[in-house]
Amino acid sequence: MFKGRPKITRVANWGNYPSTEASVHEFGKKIELANLPQHESMVARGAGLSYGDASLAKIILSTAHFNKILAFDAHTGMLQAEAGTTLDEILKLIVPHGWFLPVTPGTRFITLGGAVAADVHGKNHHSEGAFCRYVTHLELLLADGRMETCSPHHQQDLFNVICGGLGHGAVILSVTFQLKRIETAYIRQRNVLANNLDEMLSNLQQFNSATYSVAWIDCLARGKKLGRGVVMLGEHAMRGDVKTSQPLSVHSQPKLTAPFFFPSFLLNRFTVQAFNFAYFTKFKVGAKQAVVHYEPYFYPLDFVRNWNKLYGRRGFLQYQFVIPFESAAQGLRVILDKISSSGLASFLAVLKALGPGEHLLSFPMPGFTLALDFPVNERIFILLDELDKIVVDLGGRIYLVKDARMKSEIYWKGYPHAHEFKARIHQVDPHRRFESALSKRLKMV
């Protein structure tokens with residue numbers, strides 16, 4: 001089918017749940033795609049950092065070796081790269097020239113194709129939108145084997161389906177996008193403490209003019225402390241803010257590695273509670289303002305390679321939802337109370353404000369989004385089913401690229417343009433050549 005023999009292997013994404021046996025086909029040049037089969041469905045997969053089953057299928061087309069940077073204009077900040085190129089590699093090239101990613105998620109190891117397929121958002125979504133806003137051209141492999149280029153102004157319908165389309169409709173081959181000019185590789189960070197949920201939401205709204213904004217929440221706090229945490233605001237530092245001879249230094253590589261799957265009992269209510277207390281105290285007594293490198297501000301978890309193994313061999317679920325501003329306080333209070341009462345601890349709890357989405361399956365809407373990590377066990381599925389209902393009843397939705405267990409009706413209720421997306425996919429891929437375990441589970445296409 002492709003150059004070289006496919007590899008039959010068990011594949012899982014970052015959450016290590018679920019896993020599937022797949023035939024993995026790798027390619028390094030476009031010519032190797034000439035014999036794309038016409039009778040089998042597949043999904044493209046980059047670094048495998050979506051948490052659930054968004055890039056899992058029986059046949060996987062791996063872009064891992066299709067990863068060349070094709071063009072970079074250091075004067076205009078325009079960059080073109082193949083879909084398997086990671087943000088990590090792009091940052092190494094662009095930062096010394098005074099450029100940064102226009103939008104970045106919480107890890108720099110995702111691929112460029114994945115960033116487009118998920119239309120990833122970051123700490124600046126409320127102020128600057130999602131990744132695809134900065135994409136000027138996409139080169140695609142269509143289901144019938146043709147290669148096509150689209151943009152916001154050419155083949156616009158196709159462009160809008162692929163952006164945030166989770167790998168459906170076509171295989172992304174290359175991406176051209178606009179970078180952001182910076183003077184330094186540093187961030188002016190301001191930490192604002194919140195003693196409860198009301199203070200937390202008030203702070204996020206009060207400092208909405210900040211370019212970057214993200215909050216950590218102690219999801220096990222109860223009573224008057226429910227929702228306590230810290231808001232971390234950020235702005236790109238100017239040259240005069242930084243006392244270093246290398247103001248445009250790139251990030252370092254991870255210094256630690258989780259070498260094996262940890263016993264699952266290590267992450268429990270008591271260990272997470274101890275961590276949350278120590279983390280909150282650190283911000284309570286620490287500096288309220290500092291100039292930090294972009295690495296710890298944007299990518300704190302990349303410090304430990306393979307940190308997903310800390311959750312044990314059974315894996316974990318990342319649960320991320322968004323609720324409109326007008327019902328967020330009510331919804332977050334109920335959800336945090338349910339989590340705290342359940343005893344099912346989330347090691348990570350990140351809260352952000354979002355702006356409007358721009359594509360058919362965009363996750364963002366004007367509202368607050370909360371991301372939580374839970375080790376896989378029988379009880380967590382029951383709890384998350386309950387939380388799903390609360391979220392969609394309040395007009396919210398669940399983040400598809402991180403989902404591994406949502407029921408189909410929750411998807412159809414949460415995404416108002418789901419029917420239009422399905423109709424558009426049938427136009428560009430009538431035989432459903434590009435399908436994933438996610439789309440089959442949710443009956444998306």
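**Close-up 1. What the buried side of helix H11 packs against.** The buried residues of H11 pack against helix H4 (156-162) and helix H10 (408-414); contact here means heavy atoms within 4.5 Å. Helices (H or I, at least four residues) and strands (E, at least two) are DSSP runs, numbered from the N terminus. H11 itself covers residues 418-428, and its buried residues include Ala 418, Phe 421, Arg 424 and Ile 425. These four sit on the same side of H11 because they cover an arc of only 120° around the axis, the arc being that of the directions from the helix axis to the C-beta atoms. Buried is under 20% relative accessible area, exposed is over 50%, and partly exposed is in between (1.4 Å probe, protein chains only).

**A word on the model.** This is a predicted model, where local features need pLDDT of at least 70 and side-chain atom pairs count only at pLDDT 80 or more, while totals for chains, interfaces and linings use all residues. Residues are numbered from 1 along each chain as its sequence is written, and side-chain values use heavy atoms, with hydrogens and water left out.

**Close-up 2. The open sheet of eight strands.** The strands line up as S16-S12-S14-S13-S19-S20-S18-S21, with antiparallel pairing; two strands pair if DSSP finds at least two bridges between them. At the edges are strand S16 (289-293) and strand S21 (397-398), each pairing on one side only. Further in, strand S13 (residues 212-217) and strand S14 (residues 229-236) run antiparallel, joined by six bridges. Look for Ala 215 opposite Val 231 in S14.

**Close-up 3. Helices H5 and H8 against the sheet and each other.** H5 packs on the sheet, touching strand S12 (186-194), S13, S14, strand S19 (349-354) and strand S20 (367-375), and its direction makes about 145° with that of S12. H8 lies across S13, strand S18 (316-324), S19 and S20, at about 150° to S18. Axes are lines fitted to C-alpha atoms, for helices over the stretch in contact, and angles run from 0 to 180 degrees between N-to-C directions. H5 (residues 197-206) and H8 (residues 325-342) pack at about 145°, their axes 11 Å apart. On the H5 side the contact uses Leu 197, Asp 198, Leu 201 and Gln 205, and on the H8 side Phe 325, Ala 329, Leu 332, Arg 333 and Leu 336.

**Close-up 4. The hairpin of S5 and S6.** Strand S5 (residues 69-73) and strand S6 (residues 78-82) pair in the antiparallel sense over four bridges. Ala 71 has Gln 80 of S6 as its bridge partner. Four residues lie between the strands, and Gly 77 takes a positive phi near 75°.

**Close-up 5. S2 between two pairings.** Strand S1 (residues 7-12) runs antiparallel to strand S2 (residues 19-26), with six bridges joining them. The hairpin has six residues between its strands, and Asn 16 takes a positive phi near 60°. S2 also runs parallel to S4, with four bridges, and here His 25 has Leu 61 as its partner.

**Close-up 6. Gly 48 in its loop.** Gly 48 is found between strand S3 (43-45) and strand S4 (59-62). It counts as buried because its relative accessibility is 7%. Leaving aside neighbours within four places in sequence, Gly 48 is in contact with Asn 13 and Trp 14.
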